[in-house]
Amino acid sequence: MTSVPSVTVSLVDRSYEISIRAGLFERLGREMNRYGLKGKVGIVTDRHVARHYLKTIVETAKRSGLEPVPIILAPGERSKTLQTVEHILNVLARHRFERSSHLLALGGGVVGDLAGFAASIYQRGIPYIQVPTTLVAQVDSSVGGKTGVDHRLGKNLIGSFYQPRAVWIDPLTLQTLPAREWVAGLAEVIKYGIIADTSFFAYLQRKMPALQQQSPQVVASIVKRSCEIKAEVVAADERESDRRRILNYGHTIGHALEALGGYKSLVHGEAVGIGLVQEADLACFQGICTHEVVEAIRCLVNEAGLSDRMPATTPTKIWKAMLHDKKVSAGQVIGVWPTRIGEVCMAPLSKEVFDRWYAASRAALIST
Ligand SMILES: NC(=O)c1ccc[n+]([C@@H]2O[C@H](COP(=O)([O-])OP(=O)(O)OC[C@H]3O[C@@H](n4cnc5c(N)ncnc54)[C@H](O)[C@@H]3O)[C@@H](O)[C@H]2O)c1
Ligand SMILES: [Zn+2]
């Protein structure tokens, strides 16, 4: 068993541990007892994940003297709605869940965001534990306490900050993940190197071939380092007033592209991969970083199996989509820009600069 020590998210009275261990699923009973779970435990998951892991968790919970109540949702972003939350709440109410009953969020970011939000409002808040099974969820969405659902007028428009009691990560669960979802998650991992850790970026450059083979040691170590960086940023700024915004690097353009594709043509990480490169290029255009920085990012993104190319669209459409995002403050797009690998700064972006960059980058593309 590959064992990696756990990471702590330090938030005074709401601090929690992220346990990362290949094979953790085999010993979840021990974790359930360690955390004092009792009585009913709601296991929120989706159909894909249920097929692989629900039976193990249900049996483990029963062996630990618990009463598991599976809540199986339809997979995918389209489930991330208030109606689904209502469904979860109905099940909890029907089974007479109490204040001390726990929810387990077993799945990707969709399940984690839904279960976390339901936990935050059922009886004004019951404890929940994240058991993430996608790379995006293991390195990003399960840590930090952002929960919520989409609204017809915007993604993640409704939600709450509500920290889990613990995060239990078994990197071996990634072995059943579809290849496209695995590669998409690598965009978030690369992001951590760019925003906070030069040597982690260099490690990813060296280990990309091993990562493509999903070497368990390398996978466990990138999940751990990503969680450490996210935990550090969240501990410094839980509610995204300032420092936490650095996590949005690659997401300004990324979210806009996701929205323009109707959340169908690109999965989140694919859009972020393009965003990482294009936002670096935009930083270079503004004189914030060198061309070498852009090329290093482009190269790693491509080696991960991700595209760096903007889909066919217009600058006006992208700008409008960027203005719809939550990263906008007083009508201004606040960008996160790499100054070098391992360091970013924040600065507003004007439409005029964006348009000039877009025209220049299209011209460069046509001439190559
Ligand atoms: N709360 C946060 O801080 C935060 C951060 C990043 C992303 N998010 C949210 O996360 C969501 C994206 O999460 P995601 O990329 O994990 O997508 P997802 O939850 O839709 O999972 C992707 C697909 O993989 C399947 N799957 C999950 N684990 C599997 C496994 N081990 N084996 C086989 N199939 C598996 C799922 O059923 C689904 O079809 C978005 O809604 C995004 O807004 C939230
Ligand atoms: Zn993301």
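Around ligand 1 stand 28 residues, of which His 48, Gly 108, Gly 109, Thr 134 and Ser 141 come nearest; a residue counts as near a molecule or strand if its C-beta atom, placed from the backbone, lies within 6 Å of it. The model is a predicted one, in which local features need pLDDT of at least 70 and side-chain atom pairs count only at pLDDT 80 or more, while totals for chains, interfaces and linings use all residues. Residues are numbered from 1 along each chain as its sequence is written, and chains are lettered from A and ligands numbered from 1 in the order in which they are written.

Helix H2 (47-63), helix H4 (109-121) and helix H5 (135-141) each contribute at least two residues to the shell around ligand 1. Helices (H or I, at least four residues) and strands (E, at least two) are DSSP runs, numbered from the N terminus. By class, the shell around ligand 1 has seven nonpolar, 14 polar and seven charged residues. Here Ala, Val, Leu, Ile, Met, Phe, Trp, Tyr, Cys and Pro count as nonpolar, Asp, Glu, Lys and Arg as charged, and the others, Gly among them, as polar.

Helix H4 also packs against helix H3 (residues 82-94), at an angle of about 55° and with the axes 9 Å apart. Axes are lines fitted to C-alpha atoms, for helices over the stretch in contact, and angles run from 0 to 180 degrees between N-to-C directions. H3 is therefore oblique to H4, given that angles under 35 degrees count as roughly parallel, over 145 as roughly antiparallel, 65 to 115 as roughly perpendicular and the rest as oblique. Thr 84, Val 85, Ile 88 and Leu 89 of H3 meet Leu 114, Ala 115, Phe 117 and Ala 118 of H4; two residues are in contact if their C-beta atoms, placed from the backbone, lie within 7 Å. Seven residues of this contact are nonpolar, one is polar and none is charged.

The chain as a whole is divided into domain 1 (3-176) and domain 2 (179-367), with bounds that come from an automatic or database domain assignment. The C-alpha centres of the two domains lie 27 Å apart, and their contact takes 26 residues from domain 1 and 28 residues from domain 2. On the side of domain 1 that touches domain 2, strand E1 (3-9), strand E2 (16-21), H5 and strand E8 (154-161) each supply at least two residues. H5 gives the largest share of that side, five residues. The residues of this side of domain 1 divide into 16 nonpolar, seven polar and three charged.

The contact of H9 with H10 comprises five nonpolar, six polar and two charged residues.

H10 packs with helix H11 (residues 291-303) as well, at an angle of about 170° and with the axes 9 Å apart. H10 is therefore roughly antiparallel to H11. Gly 273, Leu 276, Val 277, Ala 280, Asp 281 and Cys 284 of H10 make this contact with His 291, Val 293, Val 294, Ile 297, Arg 298 and Val 301 of H11. The contact of H10 with H11 has eight nonpolar, two polar and two charged residues.
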